[in-house]
Amino acid sequence: IGLIGSDVLSGNLEREIGENVGSYEIRIGTLSGLPNYVIGSFVKDTFKILPKKVTVVVNSNQQKEYGSHDPIFTYSHSGLLSGDFLTGMLERISGENVGSYKILKGTLSVSSNYAIDFQGADFTIIPKRLDVKADQGLSKSYGDSDPIFTFIQYGLLAGDMITGKLSRSKGESAGQYNITQGNLTAGNNYYIVFDDALFTIHPAPLTAQIEVERKQYDGNV
């Protein structure tokens, strides 16, 4: 205010030194009206450095098998200047059963010069394989009740259990019948790979008794 006609000031304003996020005082610097003017008063203001956005994108399709350890959750990022870096680790919502769990920012952080734009994803726990093999050689005799169909298993974790029972193809005549999975299950945390077997119904033993008829010899044919 106060310049005459086309007169202009020369020089530049300056600010406090610093490159981190914050407020810096704007100063008169080299600004001058010489030789025709003397700057009588200067109203100071502040210059602000705002946080830079760094985008963190959690990688999709991260998963583990039920019962195994969590992997290190991975991500990509953009916006960091050379020499700056992120620290800490991603975390997820707690839970160990089969299902989907949100991956969270956890302890991931960066200096106050940045604001994190976090784009999460789901972490999936998938069912564990459980091998069930029906015992071979199970049988009964025709007319008897079925035995309990037994099996061996590989892959069940300590503390978990199998419920239900094996079944077999229908039929009561002598012959062979497939032993099937029936309603055997270990719950949603497992998928069963079943190896069947044959169940045999043997013919029932039949005892024939011949009765001998006797008569007294009287000489007649």
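In this predicted model, the count of aromatic pairs comes to 3. One of them joins Tyr66 and Tyr190 in an edge-to-face arrangement, with 5.4 Å from centre to centre and 75 degrees between the planes. The structure also holds 15 salt bridges, and an open sheet of 3 strands has mixed pairing.

**Aromatic pairs**

- A pair of aromatic rings is described by the distance of the centres and the angle of the planes.
- In the pair of Tyr66 and Tyr190, Tyr66 belongs to the loop between strand E5 (62-65) and strand E6 (75-78), while Tyr190 belongs to strand E16, so the contact ties together parts that are 124 residues apart in sequence.
- Tyr66 is buried, at a relative accessible area of 10%, and Tyr190 is likewise buried, at 7%.
- Phe149 and Phe199 form an edge-to-face pair, because their planes stand at 80 degrees, with the ring centres 5.1 Å apart.
- Phe149 is located in the loop between strand E12 (139-141) and E13, and Phe199 in strand E17 (residues 197-202), so this pair ties together parts that are 50 residues apart in sequence.
- Phe149 counts as buried at 10% relative accessibility, and Phe199 counts as buried at 0%.

**Charges over rings**

- Arg92 is placed over the face of Tyr101, 5.1 Å from the ring centre.
- Arg168 is placed over the face of Tyr177, 5.0 Å from the ring centre.

**Salt bridges**

- Side chains of opposite charge can pair when their charged atoms come close.
- Arg168, which lies over the ring of Tyr177, also meets Asp146 in a salt bridge of 2.7 Å, N to O.
- Arg168 is part of strand E14 (residues 167-168) and Asp146 is part of the loop between E12 and E13, so their bridge ties together parts that are 22 residues apart in sequence.
- Arg168 counts as buried at 10% relative accessibility, whereas Asp146 is partly exposed, with a relative accessible area of 33%.
- Salt bridges with shared partners join Glu16, Glu25, Arg27 and Lys44 into one network.
- Glu25 counts as partly exposed at 26% relative accessibility, and Arg27 counts as partly exposed at 39%.
- Glu19 and Arg15 form a salt bridge whose closest N and O atoms are 2.9 Å apart.
- Glu19 counts as exposed at 62% relative accessibility, while Arg15 is partly exposed at 26%.

**The open sheet**

- The 3 strands of the open sheet follow the order E13-E11-E16.
- Strand E13 (151-154) and strand E16 (190-195) are the edge strands, each pairing on one side only.
- From one strand to the next, the twist averages 25 degrees.
- Strand E11 (residues 128-134) pairs with E13 in the antiparallel sense over 4 bridges.
- Lys133 stands opposite Ile152 in E13.

**Backbone features**

- Leu34 and Pro35 are joined by a cis peptide bond, with omega at about 5 degrees.
- Pro35 lies in the loop between strand E2 (22-27) and strand E3 (45-49).
- Asn61, a residue other than glycine, has a positive phi near 65 degrees.
- Asn61 is found in the loop between strand E4 (52-58) and E5, and it counts as exposed at 72% relative accessibility.

Conventions:
Residues numbered from 1 in each chain as written. Predicted model: local features only at pLDDT ≥ 70, side-chain atom pairs only at ≥ 80, totals over all residues. Heavy atoms only, no water. Pairing = 2+ DSSP bridges. Helix = DSSP H or I, 4+ residues; strand = E, 2+ residues; numbered from the N terminus. Axes fitted to C-alpha atoms, helices over the stretch in contact; angles between N-to-C directions. Phe/Tyr/Trp six-rings, centres within 6.5 Å; stacked < 30°, edge-to-face > 60°. Buried < 20%, exposed > 50% of the residue type's maximum accessible area, 1.4 Å probe, protein only. Lys NZ or Arg CZ within 6 Å of the ring centre and 35° of its normal. Salt bridge = Lys/Arg side-chain N within 4 Å of Asp/Glu carboxyl O.
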